[in-house]
Amino acid sequence: MTTLTPARALVLLWSGITCLVVVAGGVLGALLGGWTASALAGLSAGAVCMTGSVFVRRRVMANFAVAEQEAMARGYAEGLSHGLLTVVAQYEAAVFPMSAGGVTAAERFARRSAAYRIAAEAALPTPVRVAAAAALAALDEGDPHRSRDAIGKLFSAVNPGTGVSAE
């Protein structure tokens, strides 16, 4: 079975509506003037309905395309924001390791580079970018209290409206 895309759903909907209009036109024509009027009324009603469906379909599909592009952009930005939060948390773990000597300088540099690379993406929303800059600056300074607060603000910027704080 094929998937039900917006275009396919619209074609199926208008096909059903056209069939109903043809039947309604045929019944009305039969009531008013017999078989000839029934056929003429049904065919003309169906033709008008099909013509209308072409115009409606063009407008609707144009709106679907715009909405799909906007949704893809929002989804990409949201996924990038969550990825940034993960990479910043990994960088935090490299800056403040659980055991002394648990993280090499090369590993710490690699995590820092990854965090800065994702934070520089143009698709990130501005509040997330600002919070990420503050969190990365705090981590670079090595202050655990300031880093925790900045990462909490980054978490809130990535997950707005959840009412959940990172603390």
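In this predicted model, leucine 84 is in contact with Ala115, Ile118, Ala119, Leu124, Val128, Ala132 and Leu154, leaving aside its neighbours within four places in sequence. Leu84 belongs to the largest nonpolar core, which has 21 residues. Within that core, Leu84, Val88 and Leu154 touch the most other members. The elements that give two or more residues to this core are α2, α3, α4 and α5. In soluble globular proteins, nonpolar side chains tend to be buried together.

| Helix | Residues |
|---|---|
| α1 | 6–33 |
| α2 | 35–95 |
| α3 | 105–119 |
| α4 | 126–141 |
| α5 | 144–158 |

Helix α1 has 28 residues, and from its first C-alpha to its last it reaches 40 Å, close to the 40 Å expected at 1.5 Å a residue. Ala7, Leu10, Thr18, Gly25, Gly26 and Gly29 of α1 are buried, and the buried residues of this helix pack against α2. Glycine 34 follows α1 and has a positive phi, near 95°.

On the α2 side, serine 38 lies in the helix. Not counting residues up to four places away in sequence, Ser38 touches Gly25, Gly26, Gly29 and Ala30. Serine 38 has a relative accessible area of 13%; because buried means under 20%, Ser38 is classed as buried.

Conventions. Residues numbered from 1 in each chain as written. Predicted model: local features only at pLDDT ≥ 70, side-chain atom pairs only at ≥ 80, totals over all residues. Heavy atoms only, no water. Helix = DSSP H or I, 4+ residues; strand = E, 2+ residues; numbered from the N terminus. Expected span 1.5 Å × (residues − 1). Buried < 20%, exposed > 50% of the residue type's maximum accessible area, 1.4 Å probe, protein only. Contact = heavy atoms within 4.5 Å. Core = buried A, V, L, I, M, F, W, Y, C linked by side-chain atoms within 4.5 Å.
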